[in-house]
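Hi everyone, thanks for coming. Let me put the sequence and the model up, and then we can walk through a few places in it together.

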Amino acid sequence: MKVKKVLSLGLAAVMAMSMLAACGNSDGETGGVTSSENVPTIDEIKVGEDYQDLTASIKVLTNRTDIVDTVYKRYADEFMKLYPNITVEYEGITDYEESLNLRLTNGDWGDLCFIPTSVNKNELSMYFTPLGDYDTLDPIYNFCTEKTYDGTVYGICNGGTASGVLYNKKVWADAGITELPATPEEFLDCLQKIKDNTDVEAPLYTNFSAGWPMGAWDAYIGIAATGNPDFMNNEIIHTKDPFAKQDDMTGPYAVYYTMYEAVARKLVEESPASSDWESSKNKMNKGEIGAMVLGSWAVQQCKEAGDTPDDVGYMPFPITVDGKRYAGAGGNYAFGINNQAAEDNQIAAMVYLKWLIEESSIYDDEGSIPALKSGDLPDALADFEGVELLSDNPPLEGEEDLFNEVNNESEVGINNNDYPDCEILEAALYGTRTLDEVMGEWNEKWSAAQESLGVEVNK
């Protein structure tokens with residue numbers, strides 16, 4: 001089973017970035033923009049054959065502080081056996097997004113990094129080396145569209161994830177649940193059964209305190225909620241009141257209803273403000289919580305966090321569209337190469353990137369959808385049989401930035417940060433506003449942005 005089409009499930013916020021006046025090479029030197037006219041595109045490289053005589057030392061930045069000195073070091077060591085003249089060093093960063101936002105602008109970063117979500121597509125060429133032409137790379141790699149601008153690919157995703165729900169199989173079985181839910185109400189009923197029939201800490205764990213897990217809910221309002229790969233990049237920007245309730249309980253409202261009602265019915269942790277992401281992985285493994293709404297990337301982390309990995313499962317998000325289930329597939333962080341680095345470093349980073357995404361064990365280790373389209377879906381998606389896996393279609397020509405513009409102008413902030421989702425949780429937790437009131441306000445803001453930007457609205 002392969003992913004059909006690809007584009008970003010999450011578009012980033014506008015970031016006040018200055019142009020790079022001076023950027024550091026991996027050895028700490030600074031200077032102007034480095035020429036990259038001799039840097040090959042990734043499709044032109046034959047790993048193990050080309051650039052055997054190249055000598056360079058490259059730094060790779062990552063948010064995976066938990067495995068930077070183990071798994072990622074193993075990748076570097078394996079690569080350096082093949083390319084003994086290229087030294088690969090990893091640097092793990094805890095507050096990755098915040099740090100990279102600053103480091104990109106002042107040049108204090110290495111040669112290869114995960115591109116921060118806050119970098120808009122029209123800013124990619126300011127910081128990253130072209131990896132190749134979209135028409136050439138798209139048949140080879142999944143998720144190319146996510147970091148493509150004006151026909152050029154600037155980033156290749158570190159695999160991908162499907163949008164679904166983490167759950168503990170034993171907890172659900174102990175609660176007497178024999179069939180996975182297919183609608184929001186069925187899901188909420190299952191959570192109630194878990195609360196009534198087990199002693200788990202929380203049927204649904206929100207991870208509200210960490211913040212970013214709340215933003216994960218935005219990933220479900222497109223394909224999983226509509227079955228429409230055009231919704232996120234082409235239709236929502238032209239839709240009147242896209243957050244309104246639909247009679248068949250599909251669309252964005254149904255996603256946010258699931259969250260709101262779970263909180264309002266007290267089917268989540270007793271004190272969301274005191275939740276803890278790292279410990280939640282172990283709790284999922286041990287059966288102390290029933291479910292978490294996160295991408296499939298989290299499955300492997302939860303499996304590795306305790307002694308009962310086989311109890312950790314992953315189900316489709318509980319929405320059915322015209323009798324059929326859908327799941328969105330999107331890329332994880334995308335690798336980007338520093339276009340300010342020395343030319344040899346850019347080439348070395350390109351060689352390492354190709355080896356990493358095509359020949360290392362990274363996707364087996366992380367249980368993610370591989371970058372190569374020829375790869376297979378991970379075992380973590382076993383419960384997705386009969387579910388159509390789709391990815392967002394690209395924006396129409398001339399509207400590449402329109403979603404960002406409407407999203408930012410409205411200040412609704414879908415996929416920009418966790419605030420909108422936290423706003424919903426707080427309204428449900430404290431009873432300050434109904435979901436209809438929150439969604440009504442979002443619709444008003446969205447309409448105002450459409451009018452301000454002169455966007456044609458389909459009634």
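Which elements do the buried residues of α11 pack against? They pack against β11 (164–168), α7 (212–215), β13 (289–292), α12 and β14, where a contact means heavy atoms within 4.5 Å.

Before going further, a word on the source: this is a predicted model, so local features need pLDDT of at least 70, side-chain atom pairs count only at pLDDT 80 or more, and totals for chains, interfaces and linings use all residues. Residues are numbered from 1 along each chain as its sequence is written, and side-chain values use heavy atoms, with hydrogens and water left out.

Back to helix α11, residues 277–286: W277, S280, K281, K283, M284 and N285 are buried there, meaning under 20% relative accessible area with a 1.4 Å probe and protein chains only. Helices here are DSSP runs of H or I with at least four residues, strands are runs of E with at least two, and both are numbered from the N terminus. Just after α11 comes G287, with a positive phi of about 85°.

Next, please look at α13. This helix has 16 residues and spans 23 Å from its first C-alpha to its last, close to the 22 Å expected at 1.5 Å a residue; that expected span is 1.5 Å times one less than the number of residues. Of the 16 residues in α13, 13 are buried, so the helix is mostly covered.

In the loop between β16 (334–337) and α13 sits N338. Why does N338 count as buried? Because its relative accessibility is 0%. A polar atom of the N338 side chain lies 3.0 Å from the backbone oxygen of G110.

A pocket is an open set of points on a 1 Å grid over the protein atoms alone, with protein on both sides within 12 Å along at least five of seven lines; lining residues have an atom within 4 Å of a point.

Finally, where a 1.4 Å probe fits but cannot get out, we speak of a cavity. The count is two cavities of 30 Å³ or more.

Key. Buried means under 20% relative accessible area, exposed over 50%, partly exposed in between (1.4 Å probe, protein chains only). Grid points are joined across faces, edges and corners, and a volume is the space filled by probe spheres set on the points. A polar contact is a pair of N or O atoms within 3.5 Å; within protein, one must be able to donate a hydrogen and the other to accept it, and residues adjacent in sequence count only if both atoms are side-chain atoms.
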